[in-house]
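Welcome, and please take a look at the model below.

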Amino acid sequence: MDASLSGGATALRWFNGKGLKMKKSAEMVVAGWRLGAIGGVLVAAVMCSACSGSVAQGSAAPSVAVLELTNNDVVRVTHGPLQSTLVLSGSLAPMRQTVLSAAVEAPVAEVLVRPGEAVKSGQLLARFDTVDLRNQVAARAAALEKSHASVMLAEKNRNRSADLLARNFISANSVDTLESNYAVAAAQMKADQVQLKIIQQSMHDTQIRAPFAGVIAERLVEPGERIAINQKLFSIVDLSEFEFVAALPMEQLRLVKVGQDVAVQADGFANKSFTGKVERIAPVALSGSRMVSVYVRVKNDEGMLKAGLFAQAGA
């Protein structure tokens, strides 16, 4: 009993003397165990990640669709005010265009221009043979001379009859007859003068000239061909200015005003914009579609636009 107590006392003293060291050792053991557990978890996670990576590499990657874009499909985003643009569609027509027709019936002696050729105002385009017309001019001139001589004779007889009537050598009826003869001769001379002017104008019409500067669109005559009156000869267009005609719905009419600037883009000129201005707005809507025609004047200073092109305008 005493021995055991003595041993227990000895043990107690040892514990009291080295208990603090044992406590610290125990704490270090627990901390080491925790670190080991954490390390094991990390190793397992890395191994699982490697396994999943190898499995993913072994599986087939899904196919990806490749889209090819052109320059027209890509737009650069820039800072600027946000605004609504009204797009108008229509066609381009020259502001001035005309068809030249024959004013006389005669053979064609010479044609001096071809389609697509630029011409100046007053330039000679074609010339007719004038042999027949020259003969007609000569005949009308001779007829005018004859009628003029008749007038001179009738005037002398009329003046002489006045003296004879005063002396009672002739009757009043004879004087009236002479007065009538003078009036008829004078009227005939006027008619001959008009006929001569008509033939002379026909001589002038044998030369076909451009009424304005432009481009020959059509040539419908060839040398040696006999042309009838009102037969078409040439078509000329002025390409310096165009008129863009578009149909606008009634609900969008409030967005367009006369004098408003618009940017016009025509087929074949994707990267080129032409400046236009709203010139007129039709006062009446089209009966079938209830659309209103808008007319835009477009400058063509560089001569790039052609008649009949389809175009779009942004207002």
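## Two loop residues with positive phi

Arg290 sits in the loop between E10 and E11, where E marks a strand of at least two residues and H or I a helix of at least four, taken as DSSP runs and numbered from the N terminus. Although Arg290 is not a glycine, its phi is positive, at about 60°. Its relative accessible area of 57% makes Arg290 exposed; here exposed means over 50%, buried under 20% and partly exposed in between, with a 1.4 Å probe and protein chains only.

Asn230 is another residue to look at, this time in the loop between E7 and E8. Asn230 is not a glycine either, and its phi is positive, near 75°. Asn230 counts as exposed because its relative accessibility is 61%.

## How the model is read

This is a predicted model, in which local features need pLDDT of at least 70 and side-chain atom pairs count only at pLDDT 80 or more, while totals for chains, interfaces and linings use all residues. Residues are numbered from 1 along each chain as its sequence is written, and side-chain values use heavy atoms, leaving out hydrogens and water.

## The protein overall

The protein has three helices and twelve strands. Of its 315 residues, 24% are buried. The protein exposes about 21,700 Å², and carbon and sulfur atoms supply 58% of that area, computed by the Shrake-Rupley method with a 1.4 Å probe, with only the protein chains shown counting as cover for residues.

Contacts (heavy atoms within 4.5 Å) can also be sorted by sequence separation. Among those between residues at least 6 apart in sequence, 74% join residues at least 24 apart.

## Two nonpolar cores

A nonpolar core is a set of buried Ala, Val, Leu, Ile, Met, Phe, Trp, Tyr and Cys residues joined through side-chain atoms within 4.5 Å. The largest one has 23 residues, and the members touching the most others are Leu88, Leu92, Phe244, Val264, Val296, Val298 and Leu305. Two or more residues each come from strands E1 (87-101), E8 (232-249), E9 (261-266), E10 (274-281), E11 (291-299) and E12 (310-314). E8 gives the largest share, six residues. A second, separate core holds 20 residues, including Leu100, Ala106, Val108 and Ile216.

Setting aside residues up to four places away in sequence, Val264 touches Lys272, Ser273, Phe274, Val298, Ala311, Gln312 and Ala313.

Glu243 belongs to strand E8, and it counts as buried because its relative accessibility is 15%. Its side chain makes a polar contact of 2.8 Å with that of Arg280; such a contact is a pair of N or O atoms within 3.5 Å, where within protein one must be able to donate a hydrogen and the other to accept it, and residues adjacent in sequence count only if both atoms are side-chain atoms. Beyond four places in sequence, Glu243 is in contact with Ser91, Leu92, Ala93, Met95, Glu279, Arg280, Tyr295 and Val296.

## The four-stranded open sheet

Strands E5, E4, E2 and E7 form an open sheet in the order E5-E4-E2-E7, with antiparallel pairing; two strands pair if DSSP finds at least two bridges between them. E5 (207-209) and E7 (226-227) are the edge strands, each pairing on one side only. E2 (residues 106-111) is joined to E7 by two bridges, and Ala106 has Ile227 as its bridge partner in E7.

Ala109 also lies in E2 and is partly exposed, at 36% relative accessibility. Leaving out neighbours within four places in sequence, Ala109 contacts Arg127, Phe128, Asp129 and Pro223. The C-alpha atoms of Ala109 and Glu222 are separated by 8.8 Å, with the two residues 113 apart along the chain.
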